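Subject: Handing over the model

Hi,

Here is the structure I promised to pass on.

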Amino acid sequence: MNFHFTDDFNVEEYLRQRSVLIDQALETYFTRYPGAQHTIFRAMHYGVFPGGKHIRPILTLATVELFGAPPHRAMPFGCAVELI
């Protein structure tokens, strides 16, 4: 999923695709730690997934892409920013 910034860049499509990637990553993080913290992860999931736009993590990913790095390199940072 590489985006090259050209005259025909579709912002809506970029935002949608990055939001899907962020949702997948957050879901992975939330399901990684079963056990005693289950209640807090359910509460965090409820706070993060009710249709948010994920603008802060998208900006994090866009920044690394601007400098030529793939978005997955900054995904942990983007997810952390979303959870603050």
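A quick definition before anything else: two residues are in contact when they have heavy atoms within 4.5 Å of each other. With that in hand, Ser19 touches Gly52, Lys53, His54 and Ile58, not counting residues up to four places away in sequence.

Some housekeeping. This is a predicted model, in which local features need pLDDT of at least 70 and side-chain atom pairs count only at pLDDT 80 or more, while totals for chains, interfaces and linings use all residues. Residues are numbered from 1 along each chain as its sequence is written, and side-chain values use heavy atoms, with hydrogens and water left out.

Now the overall picture. The protein chain has four helices and zero strands, where helices (H or I, at least four residues) and strands (E, at least two) are DSSP runs, numbered from the N terminus. Along the sequence that reads α-α-α-α. Of the 84 residues, 26% are buried; buried means under 20% relative accessible area, exposed over 50%, and partly exposed in between (1.4 Å probe, protein chains only). Among contacts with a separation of 6 or more, 55% are between residues 24 or more positions apart.

Let's start with α1. This helix has 21 residues and reaches 30 Å from its first C-alpha to its last, close to the 30 Å expected at 1.5 Å a residue (the expected span is 1.5 Å times one less than the number of residues). Its buried residues are Tyr14, Gln17, Arg18, Ser19, Ile22, Ala25, Leu26 and Phe30, and they pack against α2, α3 and α4. Ser19, the residue I opened with, sits in α1 and counts as buried at 14% relative accessibility.

How do α1 and α2 pack, and at what angle? The angle is about 165°, with the axes 10 Å apart. Axes here are lines fitted to C-alpha atoms, for helices over the stretch in contact, and angles run from 0 to 180 degrees between N-to-C directions. That makes α1 roughly antiparallel to α2; for reference, angles under 35 degrees count as roughly parallel, over 145 as roughly antiparallel, 65 to 115 as roughly perpendicular and the rest as oblique. Leu26, Glu27 and Phe30 of α1 make the contact with Phe41, Met44, His45 and Val48 of α2. The crossing of α1 past α2 is left-handed, a term that applies if the near helix is turned anticlockwise from the far one by less than a right angle, with right-handed used if clockwise.

Between α2 and α3 there is a loop, and His54 lies in that loop. His54 is worth a click: its phi is positive, about 60°, although it is not a glycine. His54 is also buried, with a relative accessible area of 3%.

On to α3. After α3 comes Gly68, with a positive phi near 90°.

So which residues join α3 to α4? From α3 they are Arg56, Pro57, Thr60 and Leu61, which meet Met75, Phe77, Gly78, Cys79, Val81 and Glu82 in α4. The two axes come within 8 Å and cross at roughly 155°, and the helices are therefore roughly antiparallel to each other. The crossing of α3 past α4 is right-handed.

Two residues of α4 deserve a look. Gly78 lies in α4 and is buried, with a relative accessible area of 0%. Leaving aside neighbours within four places in sequence, Gly78 is in contact with Pro57 and Thr60. The C-alpha atoms of Gly78 and Leu59, 19 residues apart along the chain, are separated by 8.0 Å.

Cheers
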